[in-house]
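Here is a quick tour of a model you can follow on screen. Keep the sequence and the 3D view open side by side while you read.

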Amino acid sequence: MSDVGYAHGEVRRARYAVAAVFAVHGAVTGSFATRVPWIQDHASLGAGQLGFALAFTAFGASCAMPLAGRISHRFGSRTALRGLLALWTLALVLPPLAANLYTLCLAMFVYGATAGMADVAMNALGVEIERLLDKSIMSGLHGMWSAGALVGSAAGTLAAHLGSDARLHLALASAALTALGLVACTWVLDLQPAEDEEPPPRFALPPRSALLIGTVGFCAVFAEGASLDWSAVFLRDRLDSSAGVAAACTTGFMLTMAVARIAGDAVVNRFGPVRTVRAGGILAVLGGLLIVFAGHEAVAMGGFALMGLGIAVVVPLCFAAAGHAGPHPSQAIAGVATITYTSGLIAPSLIGGVAQATSLVVSFCVVTALACGLAVFAGVLRTAERGGRAEVSRPAAAVPDPRP
């Protein structure tokens, strides 16, 4: 991007604006997730057919994410983010309109494609703001995403409880979130490419650095997906917990991740991303061991809470490291995002397959083993250390560290 100086207040305002964008993005996800049962019944799908259709979300995201960098280069960061975020919020109306498997697959492909492009654009802009501030902010931004997802899911739960038609609910949610997103994008930085800057390729394989960083993200997202989708089942089937306690475990896991992400930037600024992720990996492993050897539901719930605490900041730091690793942040972030999307897609089904062949305890032994990878491979995130940031070109009039 071109060397443009920004006033301190402008960058701080842009930081809060991007945080609002993350919250809007999360609210779309939370809103949709609560209405999946309605969508399944409306389209008359079995469990296998629904799983097949939902897989098109990741397929669409993987196909479209590499385009985000090209769009940002062509239109500038503000216009690109405004357009891509609006496409994503408007795509929320498509899934409940699907009347059969084929139309739902098409709807989920568009839904995933717009989600992935907006995801890359907002993370790339977050990395640029982090670069200007010279302090970690990505964990907090992803914390805002989690908070938005919780708000969206709470509203969706209420709508489902009232028996509202998902087409009406998601149309209203889409309109409200589109308006909020457009307002938030007004204050993000409008980064423009330098005159001699080559545009990123339309499609390209992720750089090697992104593959290494994506390995760490894969381990974290696998644990996240397994815990979100199977924690309640684990408590119910393994420990004979009530439905309310089992559901509370999943909610507690989500809250732990949201709080840890919002507070995570202070830890990263103090200890750096490598040591933070290594410590998180140790916590996640301890949580996994508590889950595997739990003889009481309280122990298992504590294990899932530790798992959430340990993995919470990993994905934000992976995006930050990818963005700092090369001249085209969007391309590297798209590569990492593709790997993490894939992990989130295969984790629930793989856990189910292992549980079917053996038991849920063995499934979470696999999760615990992958959590070890966070501690082992954390060193690949060194590009996001302060020293790594200094090696990356930055605007000539960068804003000084605003911390008192």
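## Surface and overall make-up

The chain exposes about 16400 Å², and carbon and sulfur atoms supply 68% of that; such accessible areas come from the Shrake-Rupley method with a 1.4 Å probe, and for residues only the protein chains shown count as cover. Bear in mind that this is a predicted model, where local features need pLDDT of at least 70, side-chain atom pairs count only at pLDDT 80 or more, and totals for chains, interfaces and linings use all residues. Residues are numbered from 1 along each chain as its sequence is written, and side-chain values use heavy atoms, with hydrogens and water left out.

You'll find 16 helices and 0 strands here; helices (H or I, at least four residues) and strands (E, at least two) are DSSP runs, numbered from the N terminus. Of the 404 residues, 51% count as buried, where buried means under 20% relative accessible area, exposed over 50%, and partly exposed in between (1.4 Å probe, protein chains only). Take the contacts (heavy atoms within 4.5 Å) with a separation of 6 or more: 86% of them come from residues 24 or more positions apart.

## Helices α7 and α10

Two packed helices are described by the angle between their axes and the distance between the axes. For α7 (residues 138-161) and α10 (residues 243-271), the axes come within 6 Å and cross at roughly 150°. Axes are lines fitted to C-alpha atoms, for helices over the stretch in contact, and angles run from 0 to 180 degrees between N-to-C directions.

On the α7 side, the contact residues include M138, H142 and L150, and α10 brings in M254, R261 and D265, among others. The tally for this contact is 8 nonpolar, 6 polar and 2 charged. Here Ala, Val, Leu, Ile, Met, Phe, Trp, Tyr, Cys and Pro count as nonpolar, Asp, Glu, Lys and Arg as charged, and the others, Gly among them, as polar.

## S153 on α7

S153 is also found in α7. This serine counts as buried because its relative accessibility is 18%. Leaving out residues up to four places away in sequence, S153 touches G30, S31 and T34.

## Helices α13 and α14

The axes of α13 (residues 314-324) and α14 (residues 329-357) come within 7 Å and cross at roughly 145°. C318, F319, A322 and G323 of α13 meet P329, A332, I333, V336, A337 and T340 of α14. That contact divides into 8 nonpolar residues, 2 polar and no charged.
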